[in-house]
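Trainee: Hi! Could you walk me through this one?
Mentor: Happy to. Have a look at it, then ask away.

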Amino acid sequence: MPIYEYHATGKKSCEHCAETFEIMQKLSDKSLKSCPVCHHPVSRKVSLPSPSNSNPTLQQGELEKHGFTQFKKVEKGVYEKTAGKGPRYISDKEDP
Ligand SMILES: [Zn+2]
C-alpha cells in the first residue's frame, strides 16, 4: 500500500499535523481532508517518490503490458527483440 504524506494547511494544527505526517492508504481510498487527531484541514503532498518518476524509461514488463514491442540493435540491420510479441530477430539483410 502506498504511504501518503499530509500536513496542516490552516493556521490551526496539533502536534500530529503541524509537521508532515504519513498515513498508509489504499489507492482507492479518498485523500484525507482533515487531521485524524485534531480534525483541522490537511492536504496531501503531491510529490510522491516512485520508481517510475526517477526512471522515465519504461521497464520491460511495462512495455509488454502496454503492448509495445522493443528491439535492441545487435549489428547493422539486425535487431533482437527484448520485449513484446513478434519475431525473435528482425533483419533487413537480404536472404542469401
Ligand atoms: Zn492535527
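**The metal site and the charged side chains**

Mentor: Let's begin with the zinc ion, which is coordinated by the SG atoms of Cys-14, Cys-17, Cys-35 and Cys-38, at 2.2 to 2.4 Å. Keep in mind that this is a predicted model.
Trainee: Are Cys-14 and Cys-17 buried or exposed?
Mentor: Both Cys-14 and Cys-17 are buried.
Trainee: New topic! How many salt bridges are there?
Mentor: The count comes to 2 salt bridges. In one of them, Lys-72 pairs with Glu-80, and the closest N and O atoms are 3.9 Å apart. That counts because the cut-off is within 4 Å.
Trainee: Which residue does Glu-80 bridge to at 3.1 Å?
Mentor: That is Arg-88, with 3.1 Å between the closest N and O atoms. Through shared partners, the salt bridges join Lys-72, Glu-80 and Arg-88 into one network.
Trainee: Why does Glu-80 count as buried?
Mentor: Its relative accessibility is 17%, and buried means under 20%.
Trainee: What about Lys-72 and Arg-88?
Mentor: Lys-72 has 45% relative accessibility, so it counts as partly exposed. Arg-88, at 46%, also counts as partly exposed.
Trainee: Thanks, that helps!

Terms used
Residues are numbered from 1 along each chain as its sequence is written. This is a predicted model: local features need pLDDT of at least 70, side-chain atom pairs count only at pLDDT 80 or more; totals for chains, interfaces and linings use all residues. Side-chain values use heavy atoms; hydrogens and water are left out. A salt bridge is a side-chain nitrogen of Lys or Arg within 4 Å of a carboxyl oxygen of Asp or Glu. Buried means under 20% relative accessible area, exposed over 50%, partly exposed in between (1.4 Å probe, protein chains only). Donors are N, O and S atoms within 2.8 Å of the metal (3.2 Å for Na, K and Ca); water is not among the atoms, so sites may look incomplete.
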